Amino acid sequence: MDKLNQRILKKDPQHMFFCEFCGSKVPSYNQDFGFCYFCELGVSSLEEVLQRYPDFYSALSILGKGISEAKWGNAEKGLQKLLTIRESPEMDYVAGVFYNHYSDYMYANRDYQYLAGFREPNADNIKAGIELFYKSKEMFYKAIDSANRILQANGHDEQRLFVKFLSEFRLKRMVDARQTLKLLNEVSNGATSVYASMLYSSTMHSKGSFTFIKQLTDMGIVNSFYYYARFITSDGNLNEAKSILVRLLSKVNMPRAKSLLQGIQEVQEIL
Ligand SMILES: [Zn+2]
């Protein structure tokens with residue numbers, strides 16, 4: 001199989017964007033745009049521009065800081081504020097992504113060191129994890145619903161189709177996601193459409209996904225390295241995947257990359 005050019009990850013990112021939806025600081029090797037490593041929406045804003053809107057910026061910073069430190073309870077305060085300031089399918093979608101991570105975190109925090117017979121906190125953590133998981137699904141459905149309403153009223157546009165696609169994709173509604181991807185490809189032939197195609201094809205384990213990954217890497221999109229690592233992991237190329245993830249994590253604090261790396265290390269310990 002072809003290899004991906006990894007030289008880019010040896011350099012420092014050229015730009016630091018600030019995700020206007022989740023407050024994450026997004027390193028990019030492309031000077032015009034990037035894709036947020038947390039919510040995956042397109043980003044092109046600089047922090048100093050968003051600082052001109054103090055209330056919005058403050059809520060965004062609380063959310064972004066909480067996400068980067070995995071302090072989900074703190075982050076949620078910023079998210080709740082943002083949902084009141086900015087009603088949009090993008091915000092509903094970000095809430096979906098957020099509650100999904102929060103749910104995983106609660107579920108992973110079970111502790112089996114407690115003595116049998118005691119009412120341990122596990123039951124509470126599991127219950128909270130399940131509630132957050134359903135909250136996440138609810139927010140993705142809400143995002144799809146409001147994107148649909150806007151698309152019907154204003155016609156097709158790239159951003160709304162992308163957020164609808166991402167929500168369907170996260171809900172694993174692949175038939176709908178495929179339909180939306182087709183519409184997205186009709187209105188966009190740029191990075192957004194390539195990114196969505198990469199997500200779709202990589203989940204379908206299509207070999208063609210490498211072409212999309214490569215295109216994105218050539219555009220300087222950092223997230224593509226995570227998908228490349230995942231792609232070669234499924235081919236059993238664990239050492240190379242590990243070295244890419246270590247390099248990627250030195251640039252960006254991406255939770256999915258961390259858990260993939262952890263998964264690879266656990267497998268290698270067993271083998
Ligand atoms: Zn984001």
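Reader: At what angle do helix H4 (residues 89-108) and H6 pack, and how far apart are their axes?

Author: Two packed helices are described by the angle between their axes and the distance between the axes. Axes here are lines fitted to C-alpha atoms, for helices over the stretch in contact, and angles run from 0 to 180 degrees between N-to-C directions; helices (H or I, at least four residues) and strands (E, at least two) are DSSP runs, numbered from the N terminus. In this predicted model, H4 and H6 pack at about 25°, with their axes 10 Å apart. H4 and H6 are therefore roughly parallel to each other, given that angles under 35 degrees count as roughly parallel, over 145 as roughly antiparallel, 65 to 115 as roughly perpendicular and the rest as oblique.

Reader: Which residues of H4 and H6 make the contact?

Author: Two residues are in contact if their C-beta atoms, placed from the backbone, lie within 7 Å. By that criterion, Pro-89, Glu-90, Tyr-93, Gly-96 and Val-97 of H4 meet Arg-160, Val-163, Leu-166, Ser-167 and Arg-170 of H6. The contact has five nonpolar, two polar and three charged residues, where Ala, Val, Leu, Ile, Met, Phe, Trp, Tyr, Cys and Pro count as nonpolar, Asp, Glu, Lys and Arg as charged, and the others, Gly among them, as polar.

Reader: How do the axes of helix H5 (residues 122-154) and H6 cross?

Author: The axes of H5 and H6 come within 9 Å and cross at roughly 150°, which makes H5 roughly antiparallel to H6. The crossing is left-handed, a term used if the near helix is turned anticlockwise from the far one by less than a right angle, with right-handed used if clockwise.

Reader: What confidence does the protein have, on average and by helix?

Author: Where pLDDT is low, the predicted coordinates should not be read in detail. The protein averages a pLDDT (the predictor's confidence in each residue, from 0 to 100) of 90, and 94% of the residues score at least 70. Confidence is lowest in helix H12 (residues 255-270), at a mean of 90, and highest in helix H6 (residues 158-170), at 97. Residues are numbered from 1 along each chain as its sequence is written. Local features need pLDDT of at least 70, and side-chain atom pairs count only at pLDDT 80 or more, whereas totals for chains, interfaces and linings use all residues.
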